[in-house]
Amino acid sequence: MLKKRFIGVITVKNGWAVQSFGYSRYLPLGHPAVIAENLDRWGVDEILVLAIDRSAKNPGPDFELLNTLAKLSLSTPLTYGGGISSKVHASLVIQSGVERICLDTLLHNNVSHLREISSDVGSQALVASLPLSVDEGQLMLYRHTNRTRIAADGEIERIFGEGLISEALIIDWQHEGICKKFNPALLSSFSLPNIPLIAFGGLTDVGQITEVLSMPKVVAVAVGNSLNYSEHSVQRYKQQISSEVL
């Protein structure tokens, strides 16, 4: 089995790293740069920064945060998501030192811009953020811009049909921030077998993380809140997870 990745997630709102509960309640954790330095030192395989408040009130990526992170000279690969709505945005984010970008709203609102971004930075640099749930046996996609849910299968096939994106970040948004609550059915119900998946949301239990990583289509797990309360949390996770997986 190929070795898989352990990703540390920093959720950012109003310039501060926060502990998020279902993207509806938040507790402050501190400055994102401090947490990024910690994750870098603790040995995660990748750092994912999600600026969840980049919207109509805060248009565009959080370049102030990206410039701060660039000055840290982190050795860990960095992925950024939040406010990217054009090829110019994507290019500037990559130029800031980010290796990959995570897209959400753009996936659904402007396919032509997605094509331009993929052509410019390459599909290997793009990750699709998909907040999913299973409702009455059907996989549903949550649209946070209008807080609605739509059937996911057709939208997933449309997003990935042209080969513009390399991986999918599967977010259990209902259980995000809740210990041991990730729903594996989100992964098994994903309609495209050849798209590499990253699992995120409610993944805190070593046994469940190992189980998820053992799924052939899963290439990484992403863990956020639970990494911030112990200096050796990353090392403990990696030591306890099967060596055949990580």
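Predicted model: local features only at pLDDT ≥ 70, side-chain atom pairs only at ≥ 80, totals over all residues.
Local features are reported at pLDDT of at least 70 and side-chain atom pairs at pLDDT 80 or more, while totals for chains, interfaces and linings use all residues. Residues are numbered from 1 along each chain as its sequence is written, and side-chain values use heavy atoms, with hydrogens and water left out.

The chain contains nine helices and 12 strands. Both are DSSP runs numbered from the N terminus; helices are H or I with at least four residues, and strands are E with at least two. The radius of gyration is 17 Å, close to the 18 Å given by the globule rule for 246 residues, so the chain is as compact as a globular protein of that length. The radius is taken over C-alpha atoms, and the rule is 2.2 Å times the number of residues to the power 0.38. Along the principal axes, the C-alpha atoms fill a box of roughly 45 × 45 × 35 Å.

Of the 246 residues, 52% count as buried. Buried means under 20% relative accessible area, exposed means over 50%, and partly exposed lies in between (1.4 Å probe, protein chains only). The chain exposes about 11100 Å², and carbon and sulfur atoms supply 50% of this area. Accessible areas come from the Shrake-Rupley method with a 1.4 Å probe; for residues, only the protein chains shown count as cover.

The chain carries 21 positive and 24 negative charges, and their mean positions are 3 Å apart. Lys and Arg count as positive and Asp and Glu as negative; His and the chain ends are not counted. Each charge is placed at NZ of Lys, CZ of Arg, CG of Asp or CD of Glu.

Side chains of opposite charge can pair when their charged atoms come close. A search of the whole structure finds eight salt bridges, each defined as a side-chain nitrogen of Lys or Arg within 4 Å of a carboxyl oxygen of Asp or Glu. One of them joins Glu46 and Arg5, at 3.0 Å from N to O. Glu46 lies in strand β4 (residues 46-51) and Arg5 in strand β1 (residues 5-13), so the pair ties together parts 41 residues apart in sequence. Glu46 is buried, at 7% relative accessible area. Arg5 and Glu46 also belong to a salt-bridge network with Arg100 and Glu167.

A salt bridge also links Glu162 to Arg115, with the closest N and O atoms 2.8 Å apart. Glu162 sits in the loop between α6 (152-160) and β10 (167-172), and Arg115 sits in helix α5 (residues 111-121), 47 residues apart. Glu162 is partly exposed at 43% relative accessibility. Arg115 is partly exposed at 40%.

Asp135 and Arg149 form a further salt bridge, at 2.9 Å from N to O. Asp135 is in strand β7 (residues 126-135) and Arg149 in strand β9 (residues 148-151), 14 residues apart. Asp135 is partly exposed at 23% relative accessible area. Arg149 is partly exposed at 39% relative accessibility.

Ser85 occupies the loop between β5 (78-81) and α3 (87-95). Ser85 is partly exposed, at 36% relative accessibility. Leaving aside residues up to four places away in sequence, Ser85 touches Leu106 and His113. Ala185 is 100 residues from Ser85 in sequence, and their C-alpha atoms are 30 Å apart in space.

Terms used:
Contact = heavy atoms within 4.5 Å.
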